[in-house]
Amino acid sequence: MKLPFNIDLTDKVCVVTGGAGVLCAGFAKTVAACGAKVAILDLNEEAAKKVAEQITAEGGKAIGVKTNVLERESVEEARKTVLDAFGTCDILINGAGGNNPRGTTTKEYLFHEDINGAEGITTFFDLDPKGVEFVFNLNFLGTLIPTQVFARDMAEKEGCSIINISSMNSFRPLTKIPAYSGAKAAISNFTQWLAVHFSKVGIRVNAMAPGFFLTNQNHALLMNPDGTYTERSQKIISHTPMGRFGTPEDLTGTLLWLCDNEASGFVNGVVVPIDGGFAAYSGV
């Protein structure tokens, strides 16, 4: 795997939640290429083990572990598995998260004709509170619980790093997805809180805020079946000065920088935007 610069993570233990997803699998492969021993935690055990096999096939050290980040007992069991295989965690990447259709509106704006429930239209008034709750739980509790479980060991070590995955939605919410935007804003705030709280035990806590990247979750929203951009994608690309979606490789440099205590040892409590200029562009 080609890396933008060399970071030595030999003998470091890295835990990646949501590690079977497109972006998080890339994170796992990146740290493994730098010598880290990687535990890929994911609800989809088969997919997690597949990522681990890809890493080991390249000469790295990795395991896939079935984990439900919303269940403390499941995360505790994953910790035991990681301890037995590699030892205590040095780097925790909280990548588990996502959206849900029940927390999403059909249209970007509310129109008078839709207020009383037009057929096939989900307005703000129709959002399912349970769906919104699921999105908040998956993103926020799915970060809080693994941090509670793994950071206990990290607090007994030196030079540990936690990297949360926020979103550019956390700075300025996108239309249609109020639950996801709000949940990622909570992650950014929580990152700052944790950075302060853990500062005396030497754990740095930062976050990456990706802009628009194609993933398994948003592919149908952004790409037509014939491979062309949807109307929403066209709006995104036209508002992104660099004129494209991000790729997993675009996150590599920031990830490695935040992982390494020598490179970013005084960086704590920041949320790093990686968006191709999207937030900087006014549209004019």
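Because the model is predicted, local features need pLDDT of at least 70 and side-chain atom pairs count only at pLDDT 80 or more, while totals for chains, interfaces and linings use all residues.

**The sheet.** Begin with the strands, where helices (H or I, at least four residues) and strands (E, at least two) are DSSP runs, numbered from the N terminus. You will find 7 strands in an open sheet with parallel pairing, in the order E3-E2-E1-E4-E5-E6-E7; two strands pair if DSSP finds at least two bridges between them. Select 61–66 and 271–274 to see the edge strands, E3 and E7, each of which pairs on one side only. Neighbouring strands of this sheet are turned by 15 degrees against each other on average, direction ignored, with axes fitted as lines to C-alpha atoms (for helices over the stretch in contact) and angles running from 0 to 180 degrees between N-to-C directions.

Next, select residues 13–17 and 91–94, which are strands E1 and E4, paired in the parallel sense over 4 bridges. Within this pair, Cys14 stands opposite Ile91 in E4.

**Two helices.** Select residues 45–57 for helix H2, which lies across E2 (37–42) and E3 and runs at about 180 degrees to E3; contact here means heavy atoms within 4.5 Å. Then move to residues 252–259, helix H8, which lies across E4, E5 (160–165), E6 (203–210) and E7, running at about 170 degrees to E6.

**The cavity.** On a 1 Å grid over the protein atoms alone, a cavity is a set of points where a 1.4 Å probe fits but cannot get out, whereas a pocket is an open set with protein on both sides within 12 Å along at least five of seven lines, and lining residues have an atom within 4 Å of a point. The structure holds 1 cavity of 30 Å³ or more. To display its lining, select Arg79, Val82, Leu83, Gly87, Thr88, Cys89, Phe150 and Asp153. Helices H3 (72–85) and H4 (129–154) are the elements that give two or more residues to this lining, and the largest share, 3 residues, comes from H3.

**The pocket.** Finally, select the lining of the second largest pocket, including Glu108, Tyr109, Phe212, Arg232, Lys235, His239 and Phe278.

How values were computed
Residues are numbered from 1 along each chain as its sequence is written. Side-chain values use heavy atoms; hydrogens and water are left out. Grid points are joined across faces, edges and corners, and a volume is the space filled by probe spheres set on the points.
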